[in-house]
Amino acid sequence: MAALFGGVEGGGTHSTVVVVSGDGRILAETEGPCTNHWGLSLSGGDQEDAIGKLLEELHRRFPHLSRSFSITTDAVGAMATATDSGGIVLISGTGSNCKLINPDGSETGCGGWGHMMGDEGSAFWIAHRALKVLFDSMDNLEEPPHDVGYVREAMLDYFQIQDRMGLLPHLYRSFHKAKFAGFCQRLAEGAQAGDPLCCHLFHKAGEVLARHVAAVLPKVHTSLFQGELGLPIICVGSVWKSWDRMQEGFIQVLTQARGGAAGRGFSRFSLLKLKRSSALGGARLGARSIGAALPLDCASNVDVFYSHSFQ
């Protein structure tokens, strides 16, 4: 039988599975619900204990599924889908993460610690920040930067509640991270309509996501600055659909970072988005783990949606 390679992109909101032939053709692809810690190119996929337990469970429950498994993070899977040359993966979906992968394979990360300790710039972070501003304003604890009217009405409608007391079950007893993060879509709609508070929130998201890039900048190999695209940043996650509202804050922070010692040689960057699921990169990495080369046309897997040259 000809070799088949499978890849799974497991995330906080939904997951994708692909089956790829040995010559790189995608034979099947399907989507499913959140798997997060039950995927093969997944959030949290660099935790050794979790990987060991997952492998044991896969072999126990599905002894004939595959001869070999390879488990890595969603960021590494995205990079393997997009390029062989390295770059930065900047994830802003349900959660957030940043991973630099240099051409020599060395890695440096920033973030990826989950919503209790991080996820800055993610859909969850934006939703939480919006509701915190609203609650603090209603408590007269903090003056909001802008009127909270739109956020209040959007909260009542999205969570189907009568007042803010109705939000408490969503925060505690019935808390579901993906559901909570989904409120960000309403905020994105508000930003597109020009609501000042929503625009402010996405501006702040742009700033904090850029700070992730600035954090790994000192470890970037100089060759990554020198390509036609400048520093390639692969942007993964639905929050990037609101790039026009994050752009100003993002560029402001990177302009400041470029002025430091770590920014020497940093004259240009490009933002890329995947046209295919990072499950494809997961299949590629799985093949590589057993010594097989899965041929992929990486250039056809990405689109450049923004480039910036510093003056």
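Q: Which residue stands opposite proline 232 in β10?
A: In this predicted model, proline 232 has serine 270 of β10 opposite it. The strands concerned are β9 (residues 231-236) and β10 (residues 268-274), which pair in the parallel sense over 5 bridges.

Q: And what is the bridge partner of isoleucine 234 in β10?
A: Isoleucine 234 has leucine 272 as its bridge partner there.

Q: Which strand is joined to β9 by 4 bridges, and is the pair parallel or antiparallel?
A: That strand is β6, and β6 and β9 run parallel. Within β9, valine 236 is the residue that stands opposite isoleucine 91.

Q: Is β9 largely enclosed or left open?
A: Strand β9 is largely enclosed by the rest of the structure, because 6 of its 6 residues are buried.

Q: Which residues of β9 lie on each side?
A: Leu231, Ile233 and Cys235 are on one side, while Pro232, Ile234 and Val236 are on the other. Both faces are covered, with all of these residues buried. In a regular strand, side chains alternate between the two faces of the sheet.

Q: Moving along, how many bridges join β10 to β11, and in which sense do they run?
A: There are 7 bridges between β10 and β11, and the two strands run antiparallel. In that pairing, histidine 308 of β11 stands opposite phenylalanine 269.

Q: What is the strand order of the whole sheet?
A: The sheet is open and has 6 strands in the order β8-β7-β6-β9-β10-β11, with mixed pairing.

Q: Which strands stand at the edges, and why is one side of each left without a neighbour?
A: The edge strands are β8 (107-111) and β11 (302-309). Each has a single partner strand, so one side of each lacks a neighbour in the sheet. From one strand to the next, the twist averages 20 degrees.

Q: Which strands does helix α8 touch when it packs on the sheet?
A: Helix α8 (residues 196-216) touches β6 (87-92), β7 (96-101), β8 and β9. The direction of α8 makes about 150 degrees with that of β6.

Q: Where do α8 and α9 stand relative to each other: within what distance do their axes come, and at what angle do they cross?
A: The axes of α8 and helix α9 (residues 243-258) come within 7 Å and cross at roughly 35 degrees. The crossing is right-handed.

Q: Which residues meet there?
A: From α8, the residues include Cys199, Phe202, Leu209 and Val213. From α9, they include Met246, Phe250, Val253 and Leu254. By class, the contact has 12 nonpolar, 4 polar and 4 charged residues.

Q: Changing topic, how many helices and strands does the protein chain have?
A: The secondary structure comes to 10 helices and 11 strands. The radius of gyration of the protein chain is 20 Å, close to the 19 Å that the globule rule gives for 311 residues, so the chain is as compact as a globular protein of that length.

Q: What box do the C-alpha atoms fill?
A: Taken along the principal axes, the box is roughly 65 × 50 × 30 Å.

Q: What share of the residues is buried?
A: Buried residues make up 48% of the 311. As for contacts with a separation of 6 or more, 68% are accounted for by residues 24 or more positions apart.

Notes
Residues numbered from 1 in each chain as written. Predicted model: local features only at pLDDT ≥ 70, side-chain atom pairs only at ≥ 80, totals over all residues. Heavy atoms only, no water. Pairing = 2+ DSSP bridges. Axes fitted to C-alpha atoms, helices over the stretch in contact; angles between N-to-C directions. Contact = heavy atoms within 4.5 Å. Left-handed = near helix turned anticlockwise from the far one by under 90°. Nonpolar A, V, L, I, M, F, W, Y, C, P; charged D, E, K, R; others polar. Rg over C-alpha atoms; globule rule 2.2 N^0.38 Å. Buried < 20%, exposed > 50% of the residue type's maximum accessible area, 1.4 Å probe, protein only.
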